Amino acid sequence: MRTNLAPNSRFRIDRGDKCYPPRLTDLCDPPQHLYIDGDLDLLKMPMVAVVGSRNASPEGLGNARYFAQALSHAGLLVISGLARGIDGAAHHATLSLGPNHCTMAVCGTGVDVIYPREHLRLARSIAKQGLLLSELPPGTPPRALHFPKRNRIIAALSLGVIVIEAAERSGSLITARLAAELGREVFAVPGSIWDPHSVGCNLLIQQGAKLIKTPKDVLEELIF
């Protein structure tokens, strides 16, 4: 679904441009081009990713809002993938703090093709009060293979990745694995051993991710 998202704010950044985010060069396959709708200067900010289940529980959504708002207040740019569930909650919560608080969505489509469709209004708000970013040209529709590629961008741009609820085969675990491989911090909110929403987070903690209960736990590990 194509949308008319603030065309005057759209940019294409090529690898080698001064404004190309240097953290992306840590990837073995950094994007050759980035397409942006929003405030280009936000790429200079320190970033933290908040990701998790598309089918999040009310508790998980509340945790996403809690961490996103606190970390935005601390001066970090909260980034996520515009998906349903945890991603959307983190974006919404940050924007709700007012015009001095921004968020970034890394898309698995062109920046003019909003997926899921119910996030059209959210995407418009992000373009005005943050930025949308994709390595895919405008007009590119959603495809399953695009989303793991999107996740590697989220991992590379971030100082750390926070996972809030994730199933055993969640795409959020891909983001966390890539972040660890790139030397980024990986954080996970624990949950009940009986809760399917918590299987992925508990597994990450077993594998060495930092168990977090408060935003302070995250900030203690980040240097920015």
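Just after helix α6, Gly208 takes a positive phi of about 115 degrees; helices (H or I, at least four residues) and strands (E, at least two) are DSSP runs, numbered from the N terminus. This is a predicted model, in which local features need pLDDT of at least 70, side-chain atom pairs count only at pLDDT 80 or more, and totals for chains, interfaces and linings use all residues. Residues are numbered from 1 along each chain as its sequence is written, and side-chain values use heavy atoms, with hydrogens and water left out. The secondary structure of the protein comes to 7 helices and 9 strands.

- Within α6, the residues Gly200, Cys201, Asn202 and Leu204 are buried, where buried means under 20% relative accessible area, exposed means over 50%, and partly exposed lies in between (1.4 Å probe, protein chains only).
- The cover over the buried residues of α6 includes β7, α5 and β8.
- Leu203 also belongs to helix α6, which runs over residues 199-206. Leu203 is described as partly exposed because its relative accessible area is 30%.
- Leu203 and Ala188 stand 15 residues apart along the chain, and their C-alpha atoms are separated by 9.2 Å.

**Backbone features**

- Most residues other than glycine have a negative phi, and most peptide bonds are trans.
- Leu82 is not a glycine, yet its phi is positive, near 65 degrees. Leu82 is found in the loop between β4 (77-80) and α2 (86-95), and it counts as buried because its relative accessibility is 2%.
- Glu165 also is not a glycine and has a positive phi of about 65 degrees. Its place is the loop between β7 (160-164) and α5, and Glu165 counts as buried because its relative accessibility is 8%.
- The peptide bond from Tyr115 to Pro116 is cis, with omega near 0 degrees. Pro116 is placed in the loop between β5 (103-106) and α3 (120-128).

**Salt bridges**

- Side chains of opposite charge can pair when their charged atoms come close.
- A search of the whole structure finds 8 salt bridges, a salt bridge being a side-chain nitrogen of Lys or Arg within 4 Å of a carboxyl oxygen of Asp or Glu.
- Asp26 forms a salt bridge with Arg184, and the closest N and O atoms are 2.9 Å apart. This pair links distant parts of the chain, 158 residues apart: Asp26 is in the loop between β1 (10-14) and β2 (33-38), and Arg184 is in the loop between α5 (171-181) and β8 (185-188).
- Asp26 counts as partly exposed because its relative accessibility is 43%, whereas Arg184 counts as buried because its value is 9%.
- Asp29 forms a salt bridge with Arg152, with the closest N and O atoms 3.1 Å apart. Here too the pair links distant parts of the chain, 123 residues apart, with Asp29 in the loop between β1 and β2 and Arg152 in helix α4 (residues 146-157).
- Asp29 is partly exposed because its relative accessible area is 33%, whereas Arg152 is buried because its relative accessible area is 6%.
- A network of salt bridges links Asp29, Glu135 and Arg152.
- Lys44 and Asp41 meet through their side chains in a salt bridge of 3.6 Å, N to O. Lys44 is exposed because its relative accessible area is 71%, and Asp41 is partly exposed because its relative accessible area is 48%.

**The protein as a whole**

- The C-alpha trace spans about 45 × 35 × 35 Å along its principal axes.
- Buried residues make up 55% of the 224 residues.
- Of the contacts with a separation of 6 or more, 76% are accounted for by residues 24 or more positions apart; contact means heavy atoms within 4.5 Å.
- The protein has 24 positive and 20 negative side chains, and the centres of the two sets lie 6 Å apart. Lys and Arg count as positive and Asp and Glu as negative, while His and the chain ends are not counted. The place of a charge is taken as NZ of Lys, CZ of Arg, CG of Asp or CD of Glu.
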